[in-house]
Amino acid sequence: MSSGIKIADTVKEVYNRISMNSVKQTKLKYGVFKFADDGASIVVETTATNADAMSYDDLVSGLPKDDVRYIAYDFDFLSKDNVKTSEIVLVSWAPEKSPIKRKMMCASTFNALKSALSVSKNVLQGDSFDEVDSVAALEKVGGKPLP
C-alpha cells in the first residue's frame, strides 16, 4: 500500500552521507526523519556526525513518546569474528501513544522510504523501546556489543 507521501531529496542525501566513504564531505553517523508539518512528505529533522553523535540507545530513548519517526543510524558492533564493523540500521518508530492516523501513515510510508533509500536489510519497526534498542539492533545485524 502506497501512502502517496513524498520522500524529500534531503532525506536521500542524508542517507547517502551516512553510508559514504568520501573525504569531500563529512560523514554522518545518523539522521532522524519525520513527517513535514503539512504531512505531505518525509523530511530531515536532525543529523549528527561521529564527533557530535549520541549513542544509539540515547538517540532511540529520546524519540517522542507520542509521534512517529524514522532513523538511519550507522551502528557499530563486533562481527562474529570479533572485528569492529558497522552497518546502517533503518528504524521505524511508531509509539503506542501516537495518533492512529500517524501510525498508519508511518507504516504505509515505510516501504516507500526503504525503496527510496534502497534498503532491504537491517530494518527495525517498533512501538516500544525494547523493539528498537541496541539489543534488537545487534540481533538484526547478527553482531555482538562493543566492549
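## The β4–β5 hairpin

Five residues lie between the strands in the hairpin of β4 and β5, and Asn82 there takes a positive phi near 65 degrees. The model is a predicted one.

Strand β4 is mostly covered, with nine of its ten residues buried. On a further pairing, β4 meets β2 in the antiparallel sense over four bridges. Here Phe33 stands opposite Tyr70 in β4.

## Overall architecture

The protein chain contains five helices and six strands. Their order along the sequence is β-α-β-β-α-β-β-α-β-α-α. The C-alpha trace spans about 45 × 35 × 25 Å along its principal axes.

The radius of gyration of the protein chain is 15 Å, which agrees with the value near 15 Å that a compact globule of 147 residues would have. Of the 147 residues, 46% are buried. Among contacts between residues at least 6 apart in sequence, 58% join residues at least 24 apart.

Strands β2 and β3 run antiparallel and are joined by seven bridges. Phe33 has Val44 as its bridge partner in β3, while Phe33 also stands opposite Tyr70 in β4. In the hairpin of β2 and β3, five residues lie between the strands, and Gly39 takes a positive phi near 75 degrees.

Strand β3 also pairs with β1, in the parallel sense and over two bridges. Within that pairing, Ile7 has Ile42 as its bridge partner in β3.

## The largest nonpolar core

The largest nonpolar core holds 24 residues, and those with the most contacts inside it are Val11, Phe35, Ile42, Tyr70 and Leu113. At least two residues of this core come from each of α1 (9-19), β2 (28-35), β4 (69-78), β5 (84-93) and α3 (100-117). Helix α3 gives the most, with five residues.

Phe35 illustrates the packing. Leaving aside residues up to four places away in sequence, Phe35 touches Ile5, Ser41, Ile42, Val43, Val68, Tyr70, Arg102, Met105, Cys106 and Thr109. Another core, of 20 residues, lies apart from the one described above, and includes Val32, Leu59, Phe75 and Val132.

## Val32 in strand β2

Val32 belongs to strand β2. Its relative accessibility is 2%, so Val32 counts as buried, the cut-off being under 20%. Residues up to four places away in sequence aside, Val32 touches Val43, Val44, Glu45, Thr46, Leu59, Arg69, Tyr70 and Ile71.

The C-alpha atoms of Val32 and Val60 are separated by 9.9 Å, although these residues are 28 apart along the chain.

## Helix α1

The residues Val11, Val14, Tyr15 and Ile18 of α1 are buried. They lie on the same side of α1, because they cover an arc of only 100 degrees around the axis. An α-helix has 3.6 residues a turn, so residues three or four places apart point the same way.

The buried residues of α1 pack against strands β1, β2, β3 (41-49), β4 and β5, and against helix α3. One of them, Val11, is also among the residues with the most contacts inside the largest nonpolar core.

## Helix α5

Helix α5 covers residues 134-141, of which Ser134, Ala136, Ala137, Leu138 and Val141 are buried. The buried residues of α5 pack against α2 (56-61), β4, β5, β6 (123-126) and α4 (129-132).

At the start of this helix, a side-chain oxygen of Asp133 reaches to within 3.2 Å of the backbone nitrogen of Val135. After α5 comes Gly142, with a positive phi near 75 degrees.

## The segment before β1

Gly4 lies in the segment that precedes β1 (6-7). The relative accessible area of Gly4 is 54%, so this residue is exposed, the cut-off being over 50%. Gly4 and Met105 are 101 residues apart along the chain, and their C-alpha atoms are separated by 9.6 Å. Met105 is also one of the residues that Phe35 touches.

Technical notes:
Residues are numbered from 1 along each chain as its sequence is written. This is a predicted model: local features need pLDDT of at least 70, side-chain atom pairs count only at pLDDT 80 or more; totals for chains, interfaces and linings use all residues. Side-chain values use heavy atoms; hydrogens and water are left out. Buried means under 20% relative accessible area, exposed over 50%, partly exposed in between (1.4 Å probe, protein chains only). A nonpolar core is a set of buried Ala, Val, Leu, Ile, Met, Phe, Trp, Tyr and Cys residues joined through side-chain atoms within 4.5 Å. Contact means heavy atoms within 4.5 Å. Two strands pair if DSSP finds at least two bridges between them. The arc is that of the directions from the helix axis to the C-beta atoms. A polar contact is a pair of N or O atoms within 3.5 Å; within protein, one must be able to donate a hydrogen and the other to accept it, and residues adjacent in sequence count only if both atoms are side-chain atoms. The radius of gyration is taken over C-alpha atoms; the globule rule is 2.2 Å times the number of residues to the power 0.38.
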